[in-house]
Amino acid sequence: MSQPKKVVLAYSGGLDTSIILKWLQTEYGCEVVTFTADLGQGEELEPARKKAEQMGAASIHIEDLREEFVRDFVFPMFRANALYEGLYLLGTSIARPLISKRLVEIAAEEGADAVAHGATGKGNDQVRFELAAYALNPDIKVIAPWREWDLTSRTKLIDFAEKHQIQIAKDKRGEAPFSVDANLLHTSSEGKVLEDPAEDAPDYVYQRTVNPEDAPNEPEYVEIGFEKGDAVSINGEAMSPATILTKLNELGGKHGIGRLDLVEGRFVGMKSRGIYETPGGTILLEAHRGIEQITLDRGQAHLKDELMPRYAELIYNGFWFSPEREMLQAAIDHSQQHVTGTVRLKLYKGVARTVGRWSDHSLYSEAHVTFEDDAGAYDQKDAAGFIQLNALRLKLLAARKRRLGS
């Protein structure tokens, strides 16, 4: 790769990305533009600006992307009820394409010829960042310092920081007990004390949820309104996408909802253990399933469930901007035309459970399912012919088996 003249760095303001900023300046002799995204991680971002200024960043971009994140990435994903390996709500995975999108856009605005990220060579994030970047600009250069430099230990990182007068917080000099990624959808904790999947995760790992055992002893009920598959209100109050997710996080965290201890299969081949907290997302998934129960036709619902694992895997593996994900999204979005109505949920001791749902678009017909007199809505005699036609092939198979004595 030719020497870049200007690089846009995904910058958190933490020790690792600060070291990367200085390393890019010294290794490539290039200008470095920093980009810091507020995705609802709950951190004060102004210190990142000050640190980037002190380190001689050519330009500094700090952007509040919470609404775009939830509206254009989280909500479309939740229309699919996406779960990776049946459990993971994809909180880290769905944030990467938005960060990459802005990296590429800022590179164009700044006249930069490269972007850089702080993902290691062992994880999924390097794949997600780079596949998204190349999908949006096939000519962009991507620099991944963790795959290039020789700073292979904590000691070497600290030595580099001290040599270049990079400020190091006292709590950063030792090994962190685990690493954390956070955004408005979830927190993800992994590494160090969590690396042995046989050991229970220490309670201090959990940051957004109370222990379900310590959650309130009284349940709380919440009503979520939907329009075309997206949540639009809580308890009758209209809210923006990010505001809805923030409120659901508060409710879920209070009741210990959304904890997950998962050993997952990474795209790069290895298995890893992560502790995830997705309080608002867990409530939202349950609610979306609840409103789909009465508004989706059986054929639509079952086909969606067949497509979902493939859709979730595409997001997990970094293919948000791929044509196949967009094709699946079109089908999923089409299915949501009548997913409008309200769901009531009971929140209690780590569980969010649908207890009521209603909609003007409902396909539920009490007249057809009642155990009382249905006034002719359904003729039970019709079931006999239905069963005989479906049994025909089974009868033929059984007859052959008897004939052959097998």
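Strand β11 (259-265) and helix α8 (279-295) each supply at least two residues of the lining of the second largest pocket. Helices (H or I, at least four residues) and strands (E, at least two) are DSSP runs, numbered from the N terminus. The model is predicted: local features need pLDDT of at least 70, side-chain atom pairs count only at pLDDT 80 or more, and totals for chains, interfaces and linings use all residues. Residues are numbered from 1 along each chain as its sequence is written, and side-chain values use heavy atoms, with hydrogens and water left out.

The second largest pocket holds about 160 Å³ of space. A pocket is an open set of points on a 1 Å grid over the protein atoms alone, where a 1.4 Å probe fits and protein lies on both sides within 12 Å along at least five of seven lines; lining residues have an atom within 4 Å of a point. Grid points are joined across faces, edges and corners, and the volume is the space filled by probe spheres set on the points. The lining consists of Leu83, Gly86, Leu87, Tyr88, Leu89, Gly258, Arg259, Leu260, Tyr276, Thr278, Thr282 and Leu285.

An unreviewed UniProt entry annotates Tyr88, Ser93, Asn124, Arg128, Ser179, Ser188, Glu264 and Tyr276 as "binding site". Of these residues, Tyr88 and Tyr276 are included in the lining of the second largest pocket. UniProt positions are given in the numbering used here, feature names are shortened, and annotations may be inferred rather than shown by experiment.

Tyr276 belongs to strand β12 (residues 271-277). Tyr276 is classed as buried because its relative accessible area is 4%; buried means under 20%, exposed over 50%, and partly exposed in between (1.4 Å probe, protein chains only). Beyond residues up to four places away in sequence, Tyr276 touches Tyr88, His186, Thr187, Ser188, Gly258, Arg259, Leu260, Leu262 and Glu264, where contact means heavy atoms within 4.5 Å.

Ser179 is placed in strand β6 (residues 179-182) and, at 39% relative accessibility, counts as partly exposed. With residues up to four places away in sequence not counted, Ser179 touches Ser188, Ser189 and Glu190. Strand β6 runs antiparallel to strand β7 (residues 187-190), and four bridges join them; two strands pair if DSSP finds at least two bridges between them. The bridge partner of Asp181 in β7 is Ser188. Four residues separate β6 and β7, which form a hairpin.

A further "binding site" annotation in the unreviewed UniProt entry covers Ala10, Tyr11, Ser12, Gly13, Gly14, Leu15, Asp16, Thr17, Ser18, Ala37 and Gly118. Ala10 lies in strand β1 (residues 6-10) and is buried, with a relative accessible area of 13%. Apart from neighbours within four places in sequence, Ala10 is in contact with Thr17, Phe35, Ile99, Leu103 and Ala116. Gly14 is located in the loop between β1 and α1 (15-28) and is partly exposed, at a relative accessible area of 26%.

Strands β1 and β2 pair in the parallel sense over five bridges, and Val7 stands opposite Val32 in β2. Seven of the eight residues of strand β2 (residues 31-38) are buried, so β2 is largely enclosed by the rest of the structure.

The domain assignment gives domain 1 (6-65 + 92-164), domain 2 (179-296 + 338-358) and domain 3 (366-399). Domain bounds come from an automatic or database domain assignment. The C-alpha centres of domain 2 and domain 3 are 40 Å apart.
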